[in-house]
Every structure is written in structure tokens, then in C-alpha cells.
Amino acid sequence: MNKKIAVIKGDGIGPEIVTEAEKVLDKVGEKFGHKFEYTDVLMGGCAIDATGVPLPQETIDTCLASDSVLLGAVGGPKWDTLPGNLRPEAGLLGIRGALKLFANIRPAKLIPALASACPLKEEITKNGLDLVIVRELIGGAYFGKRDTHVDENGVKHASDSMAYADYEVERICRVAFEMARKRRSKVHSVDKANVLDSSRLWREVAHKVAAEYPDVEFSDILVDNTAMQLVRNPAQFDVMVTENLFGDILSDEASMITGSLGMIPSASLGEGSLGLYEPIHGSAPDIAGQNKANPIATILSVAMMLRYSFDMAAEADAIEKAVDDVLNEGYRTGDIMSEGMKCVSCTEMGDLIAAKI
Ligand code: NAD
């Protein structure tokens, strides 16, 4: 199969980790008889430097004309003082909206070889941790009406509105239930229905969709309780579905429990097969250009791309197994290094994983 991939390397460690992911993907192509064609496009700080805006129209057009999009990371101190709409992060929100990517899928799984990096006590994680957060990505407070103004008494006000339409809740809930059917058939819908109107709509629609999936165990849970349960008994969760802001916070909490930011991939999906795949971490300016970054989150993002956009499950399994094998042999980048292990660079980690495919 031939697949066209738009590649946004971005800033900081972005180019280093994406290069390793392409190396692994090329090896998959060689072994399984596929051809992956990459087109580099600009977004984030590098786009601001080259074109004056964080998300050039040409980038959107190339992404829309591709089968999928691979993203490293964007941002860095150089661009931190620019106004909000011109910062690299505006590119992230813009590309999600432009590609209509409404579902963000973030797995959080405790990898046995890295169990010692988990900050929770062993008695809490002894039953494992393997969950997926399905976060609504283009609605809620991040995309609602916002206003900052000074009133006639000189008092400054600011507001962001958390708004949802029923169809937005319905389509994200369907993604969660379909995913649960391929996993352990359990969905928690996370809201704040005791306080927020938008959550009461969320709950009403989630129940309607749940009725269509009688084979999937379903429960509602309040967001504050979810934050507690994640550190009290994370094994109870399989698929969690929630709105944009809650999902942003809970997915960072869940990823921390797994022990390393450098290990976690993500996928952002819309109605069709086009998706955007990226590691959950940022551009790590503190280690950029030093060949120290952990490329595994980006390599696992490519595995998600194969699974969700290209329907290549065996190829995705091969990448995930290669990562497990390399970790089981004791190879570590600096961020996940522990006593007795072998510390390798970003490029060496990419070579080791590619060699296992
Ligand atoms: P960060 O994730 O970039 O870094 C946090 C810490 O984790 C740093 O110490 C970094 O060295 C380390 N780290 C992160 N990824 C690593 C990897 N793959 N290997 C080894 N170590 C790794 O978060 P930050 O420092 O808060 O943000 C830096 C920049 O990234 C900011 O400009 C921020 O806006 C941006 N950012 C971008 C994205 C994105 O592109 N999706 C996400 C988050 C932050």
C-alpha cells in the first residue's frame, strides 16, 4: 500500500524524534511491502520564523491532501512573548479545527519494564493500569466564546464559555463505545453534571448512546471523583470519555502515573480515516539538539497511525512489540534511565527499535 504522510517536525526536539519515527516506519514499509511518502510542512515556531504565522494555509492544504499527519512538537521560549493568536500553540488548536479532529485518543498503560518509574505505591498498581482517555477536542471552553473587558467602574472581567451541542457529545461518545468494544467493554463518562449545564447535556446524550451498546458496561462519574480514583484505583478504568478541558487535565494525570512523558503517544481523529498522531510531550527545549530525547512516544504514535488510519494492525503490533523488546533488553534514554540499564541516545534508540521490526 502507498500512503502519503504530512510531517510537521516542529520545534525543539521535534525534528529529532520524528526522524526516528520515520526510520521505524520505513523499516515497517520494507518488511510489510508498503511505501510511506513524507511531505514536510511547517507549523509552530519554525513556521512563525519562516512565514510570520504559526499555521500557514499551505500546511493545512497539504495535511488535508494526505492520508495522515505526523507531528513532533511545537513551541519554545523564543516565541513565548508573542500574543496568543501568534504563538506556536495557536497552530495546534488551528490544525485540530481545520482537520475537524474532534476525538483525541490517549492511552495510558503501565509498561512492566518501566514499572519502577510509576510514582504510585505497588499495592495500588498491582492490578495494572491500561486505560484510554477519549477526549473531545474541538468544543468546550477552549473553543467557546471568550471575552476580556474593563467595566465602567474600572474592574477587569474575563470569561470563557464551555458550550456543547448534542451532536458533538454524541459523536465522541460513539468513538468511546466503539473503542471499548475492542478492549475490555467498559466506558466511564466523566462530567460535572452536579454543577454545569453543559455537563447535564453531556450526561443525557451519553446515556442515549450507551443504550445502543448494551454489551458495554457504562457508568457516569464526576470529574473531581475521577481525579481521585485515578490515583486510588486506576485499574478500574478501561475507556474514559470526557469533554475538552477535563480531558486535558485528566490525561496528563493519567500519563504521569505511567511514569514517563517520553513514552506516551496520542491520536486525534475525525469522521474519516485522516488522523493526526503526536507524542503527548512538548518540544523539550532544555534538551533540544543534544540527541538525548526519548523517541518512543513518537514511534508509538506511528503505531497508532498504522492501526487507526491505515488499518494495519499487524504492522502496529510489530512496532509495539519492538519497543517492548528493546526495553526488556535494558536499553533506556536518559529520561527513563535507572540503575543497571544501558543509556542510549535518541538515534541509537531509533536504530534499536527499527532493527527489531
Ligand atoms: P515538555 O513536555 O516539552 O518538557 C517537560 C520535561 O520533560 C522537560 O524536562 C523535558 O526535557 C522532558 N521531556 C519531554 N519530552 C521528552 C522526551 N521525549 N525525552 C526526554 N525528555 C523529555 O513541556 P514544557 O517544558 O512544559 O514545554 C516546552 C514547550 O513545549 C513549550 O513551548 C510548550 O508550550 C510546548 N508544548 C508543546 C506541546 C505540543 O507540541 N503538543 C505540548 C506541550 C507543550
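The talk that follows takes up the pockets and then the sheet.

Tutor: This is a predicted model, in which local features need pLDDT of at least 70 and side-chain atom pairs count only at pLDDT 80 or more, while totals for chains, interfaces and linings use all residues. Residues are numbered from 1 along each chain as its sequence is written, and side-chain values use heavy atoms, with hydrogens and water left out.

Student: How much space lies in the largest pocket?

Tutor: On a 1 Å grid over the protein atoms alone, a pocket is an open set of points where a 1.4 Å probe fits, with protein on both sides within 12 Å along at least five of seven lines, and lining residues have an atom within 4 Å of a point. Grid points are joined across faces, edges and corners, and the volume is the space filled by probe spheres set on the points. For the largest pocket this gives about 1,100 Å³.

Student: Which helix gives the largest share of the lining of the largest pocket?

Tutor: The lining has 40 residues, with Pro 107, Arg 183, Met 304, Arg 307 and Tyr 308 nearest the centre. Helices and strands here are DSSP runs numbered from the N terminus (H or I, at least four residues, for helices; E, at least two, for strands). Among the elements that each supply at least two lining residues are helix H10 (296–308) and helix H11 (313–328). The largest share, 6 residues, comes from H11.

Student: Which helix gives the largest share of the lining of the second largest pocket?

Tutor: About 660 Å³ of space lies in this pocket, and Glu 89, Leu 92, Leu 93, Arg 96 and Arg 135 are the closest to its centre among its 28 lining residues. The largest share of that lining, 6 residues, comes from H4.

Student: Which residue in E5 is the bridge partner of Ile 105?

Tutor: E4 and E5 run antiparallel and are joined by 7 bridges. In E5, the partner of Ile 105 is Val 134.

Methods: Pairing = 2+ DSSP bridges.
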